[in-house]
Amino acid sequence: MFECAEVSADGVVRSLGCFADDGTPVSREELVAALDDLPSTDEFIAAACPPGSPERAALPDRWIVRLLQLGERRAAALAADRAELVGLLAAQRPAEPGPAVPEVMDVSEWLPCELALVHPYGERRAGRLIRTSLALTTRFLATLEALRRGEIDEAHADAVVDLLEPLDADLAARVETDVLPRAGGRTPGGLRDALRRRIDRLDPEARERRHQRARSAADVRWWATEDGMGRLMADLPLPEAAACGTAIDGWARQLRAAGDARPIGQLRTAVLRDLVLRPWERRPAVGVSLVVHAQLSTLRGGDGPAEVDGHPVSGAQCRALLAEAGALGLRRPEGGSLEFAVHDGAGDLVAVGTRRAVERGAREAGLRRPPGTPHYRPRTGQRRFTAIRDRRCRHPQCTRRVGRTDLDHCVPWPRGATTCDNLCCLCRRHHRLKTHARGWRFRMLPGGRLEVTTPSGVTRVTDPPRVVDAPPVRAGAPPSAAGGTHPPPF
């Protein structure tokens with residue numbers, strides 16, 4: 001249906017009537033009843049001024065702000081829709097016999113692995129997303145509807161689940177009812193404070209229970225950050241954390257007063273390092289094994305990439321480490337070992353061995369990967385070759401290093417041979433996933449590539465880490481072409 005109108009010269013609009021699609025006259029009431037819900041003014045302006053258009057660039061600030069607010073409401077509605085979909089997927093992945101997985105409630109322990117391949121969340125975040133989605137779709141329906149309407153955002157919903165999910169159902173429902181109506185006007189941090197205050201008022205013993213639960217989960221963690229740096233973090237009770245921070249700052253300022261001109265942040269870092277490592281104490285020598293991946297041009301002073309124990313470092317850092325170990329001249333350092341990993345032009349690993357073994361192989365039979373064995377257990381050479389090739393768990397997005405992985409047959413033995421083309425490194429969790437989880441498929445591709453397919457049909461492929469970048473994939477080339485093919489012996 002449609003309405004015809006005419007506009008006079010002075011801008012007056014006069015209706016000429018409403019009509020059906022075949023031209024039959026209809027009443028205005030019939031026309032309005034046949035229309036779908038009309039978009040809001042904000043939605044109309046968003047549709048009329050698409051991203052990147054001149055019309056959007058010409059909008060005044062008040063409309064830019066209104067479109068920002070519309071975008072936040074849309075993002076919240078999408079988060080609510082995602083929570084519902086994750087809840088539906090979780091309902092199709094019930095927990096297997098055995099203990100439930102605490103971080104994802106009562107669902108299959110493999111669901112975080114699957115969800116992490118649907119979108120590159122990472123398994124830790126996937127587990128949190130499952131927990132939040134299940135809580136919203138089963139216990140906190142009012143919070144889910146507020147999220148769907150855009151009255152709160154995802155961070156507000158996370159705050160509700162984090163603080164109320166551990167409580168019993170009656171107490172959690174009372175707190176949600178009391179706090180949720182004003183949640184949209186608070187920041188996520190402010191909402192957390194309001195929830196804590198209401199919980200403490202209704203259940204005075206809750207604070208101590210939360211504290212004991214947090215103390216039982218305390219740990220020390222470290223991870224690589226950017227630019228060859230790392231971060232160390234410890235969970236401590238607040239008074240102890242404050243005491244440690246104050247002491248570190250005080251000793252750092254003593255160094256500053258004694259004439260050390262380094263920035264105060266560097267001084268605090270140096271104090272903490274010395275307090276932990278205590279370099280002034282004499283201790284028994286400890287042998288440390290590090291695996292270094294670098295091109296010869298990098299060792300000679302170039303700016304090429306390098307890795308130390310799976311962590312990227314600059315060429316200068318790599319050379320400094322090798323110089324300290326006495327191995328920059330490519331000689332075996334005292335008390336240590338030195339092996340060479342030879343790659344082809346595509347970056348695929350060809351052989352691993354000592355300098356003498358590599359030279360002998362190049363002169364005689366050519367450099368080859370270790371031969372297969374008819375037995376279940378891989379040979380030492382196969383273990384060394386696969387560990388150097390993979391460097392970490394090969395499951396998509398997993399970063400556990402080789403020292404924490406198992407060497408596994410991609411096609412189970414004896415149906416699959418014990419060869420380097422059928423072996424890959426998997427951490428214990430993903431080794432169990434491959435062995436016990438139903439519907440998962442693992443397949444080795446040329447060049448050491450690993451293809452993993454989830455029960456829902458999502459496929460991801462991982463390549464072995466490379467010091468030399470692989471050539472770009474040609475248009476129309478099959479997926480296995482990106483990993484290269486095995487080079488002939490030379």
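A: Accessible areas come from the Shrake-Rupley method with a 1.4 Å probe; for residues, only the protein chains shown count as cover. The protein chain here has an accessible surface of about 30200 Å². Carbon and sulfur atoms own 55% of that surface.

Q: What kind of model is this, and how are residues numbered?
A: This is a predicted model, where local features need pLDDT of at least 70, side-chain atom pairs count only at pLDDT 80 or more, and totals for chains, interfaces and linings use all residues. Residues are numbered from 1 along each chain as its sequence is written, and side-chain values use heavy atoms, with hydrogens and water left out.

Q: How many helices and strands does the protein chain have?
A: Helices (H or I, at least four residues) and strands (E, at least two) are DSSP runs, numbered from the N terminus. The protein chain has 18 helices and 15 strands.

Q: What percentage of the residues is buried?
A: Buried means under 20% relative accessible area, exposed over 50%, partly exposed in between (1.4 Å probe, protein chains only). Of the 490 residues in the protein chain, 35% are buried.

Q: How should I read the packing of α4 and α7?
A: Two packed helices are described by the angle between their axes and the distance between the axes. Axes are lines fitted to C-alpha atoms, for helices over the stretch in contact, and angles run from 0 to 180 degrees between N-to-C directions. Helix α4 spans residues 61-91 and helix α7 spans residues 141-148. Their axes come within 7 Å and cross at roughly 140°.

Q: Which residues of α4 and α7 meet?
A: Contact means heavy atoms within 4.5 Å. From α4 come A76, A77, A79, A80, D81, A83 and E84; from α7 come L144, L147 and R148.

Q: Is C18 buried or exposed?
A: C18 is buried, at a relative accessible area of 8%. Its place is strand β2, residues 13-19. Its C-alpha atom is 6.4 Å from that of C4, 14 residues apart along the chain. Beyond four places in sequence, C18 has contacts including F2, T24 and L31.

Q: Where is H409, and what does H409 touch?
A: H409 sits in strand β11, residues 405-409. H409 is buried, with a relative accessible area of 3%. Not counting residues up to four places away in sequence, H409 touches Y376, G416, A417, T418, N422, L423 and K434.
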